[in-house]
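The following exercises ask the reader to derive packing relations from a set of coordinates. Each task is followed by a solution in steps.

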Amino acid sequence: MGGIRVIPNNPERKGMLDLRTEIPFSGSLALQMIKPFWKSEGGFPLVVFIQGSAWTKPNQFWEIPQLSRLARRGFVVASVTHRSAFEAPAPAFLKDVKTAIRFLRAHAEEYDIDPNRVCAWGTSSGGNTALLIGLTGDDPAFETDEWAGQSTRVQAVVDCFGPTDLMKMAEVQYRDVKIDETNVFAALGGALDKVKTHSRAEICDLIRERLEEISPIRYVRPGLDLPPFLMLHGDADPVVLFEDSEAMYHKLVDCGYDASLVRVTNAEHEGTFWSEELDEMVFDFIEERI
């Protein structure tokens, strides 16, 4: 490219992004944020992203490169974390993410966020969390005193291959997996101290109530005020079965809710699931709904 070219400057810094890391929102828990450098009119819509981790500690930077593409469209994107189930049993992870949502709403002006336009998006265990957020907005059973007075309702939900029926997973899909100190279902159910002294059947009975409490499919019934849901799942996923998302989708639709399901053929858990086409479907849904 020869010669001298002249282009105008960018006083509003349109298209430029700001990455802010380790923003504390609850004790030692912190979130990562990508936000536009340019200013909004009334605040940018917010996407709260929860990376899958089998309910342990999410790698908050895993999807930052892809999420930055969404931020460039004019969104604040917060990649959040939560306590591991091996540190605190269910529903601690859900309470932590809801605390992050309240924190972000409480600091909406500081971060140029429109608190009335919020989407929860998660993958795998994070997808389970996003579904639960959409289904349990402002439910006092899952709220804490931190950043009190702020709502945890969201205006849209995106779920990528998230578990929808935890007891079914434990008793059917993972029935041959040993229940010991490394078993995530025992951790979620708060029964790690019982795995050496109780039988598998006894452990299942002990954890049943908590696993049903974090099973999104258990919350779907007619007459609720629910946001729209976009669910995406690979039909070759060996970790979380496609049929579980299919059952959740049909229950939502049968109860009269706005839900869509995308089946990604031959896609595994993470990995080959992702594509630019899929990202654009998610981005378009979020843009349309919030």
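**Exercise 1.** Leaving aside its neighbours within four places in sequence, with which residues is Ile286 in contact?

*Solution.* The model is a predicted one.
- Step 1. Locate the residue: Ile286 lies in helix α8.
- Step 2. Set aside the neighbours within four places in sequence; the contacts of Ile286 are then Val47, Leu70, Phe75, Cys119, Trp121 and Val158.
- Step 3. Buried means under 20% relative accessible area. Ile286 has 0% relative accessibility and therefore counts as buried.
- Step 4. Compare sequence and space: Ile286 and Gly74 are separated by 212 residues in sequence, yet their C-alpha atoms are 11 Å apart.

**Exercise 2.** Determine how helix α1 (residues 64-71) and helix α8 (residues 276-289) pack, and name the residues that meet.

*Solution.* 
- Step 1. The axes of α1 and α8 are 11 Å apart, and the packing angle is about 45 degrees.
- Step 2. This angle makes α1 oblique to α8.
- Step 3. The sense of the crossing between α1 and α8 is right-handed.
- Step 4. On the α1 side, the residues are Gln66, Arg69 and Leu70; they meet Glu276, Asp279, Glu280, Phe283 and Ile286 of α8.

**Exercise 3.** In what order do the 8 strands of the open sheet follow one another, and which strands stand at the edges?

*Solution.* 
- Step 1. The order is β1-β2-β4-β3-β5-β6-β7-β8, with mixed pairing.
- Step 2. β1 (17-26) and β8 each have a single partner strand, so they stand at the edges and one side of each lacks a neighbour in the sheet.
- Step 3. With direction ignored, neighbouring strands of this sheet are turned by 20 degrees against each other on average.
- Step 4. Helix α3 packs on this sheet, where it touches β3 (44-50), β5 (113-123), β6 and β7. The direction of α3 makes about 140 degrees with that of β5.

**Exercise 4.** Describe the surroundings of strand β7 (residues 229-234).

*Solution.* 
- Step 1. Strand β6 (residues 156-160) pairs with β7 in the parallel sense over 4 bridges. Within this pairing, Val158 stands opposite Leu230, and Cys160 has Leu232 as its bridge partner.
- Step 2. Strand β8 (residues 259-264) runs parallel to β7 and is joined to it by 6 bridges. Here Leu232 has Val262 as its bridge partner.
- Step 3. From β7 the chain passes through helix α7 (residues 242-254) to β8, in a right-handed β-α-β crossover.
- Step 4. In a regular strand, side chains alternate between the two faces of the sheet. For β7, one side carries Phe229, Met231 and His233 and the other Leu230, Leu232 and Gly234; all are buried.
- Step 5. Since 6 of the 6 residues of β7 are buried, the strand is largely enclosed by the rest of the structure.

**Exercise 5.** Is helix α3 (residues 125-135) largely buried or exposed, and how does helix α2 (residues 92-106) cross α3?

*Solution.* 
- Step 1. In α3, 11 of the 11 residues are buried, so the helix is largely enclosed by the rest of the structure. Among them are Ser125, Asn128, Leu131 and Leu135.
- Step 2. The axes of α2 and α3 come within 10 Å and cross at roughly 65 degrees.
- Step 3. That angle makes α2 roughly perpendicular to α3.
- Step 4. The crossing of α2 past α3 is right-handed.
- Step 5. The residues that meet are Phe93, Leu94, Val97 and Ile101 in α2 and Asn128, Thr129, Leu132 and Ile133 in α3.

Key
Residues numbered from 1 in each chain as written. Predicted model: local features only at pLDDT ≥ 70, side-chain atom pairs only at ≥ 80, totals over all residues. Heavy atoms only, no water. Buried < 20%, exposed > 50% of the residue type's maximum accessible area, 1.4 Å probe, protein only. Helix = DSSP H or I, 4+ residues; strand = E, 2+ residues; numbered from the N terminus. Pairing = 2+ DSSP bridges. Right-handed = clockwise from strand over helix to strand, strands pointing away. Axes fitted to C-alpha atoms, helices over the stretch in contact; angles between N-to-C directions. Parallel < 35°, antiparallel > 145°, perpendicular 65-115°, else oblique. Left-handed = near helix turned anticlockwise from the far one by under 90°. Contact = heavy atoms within 4.5 Å.
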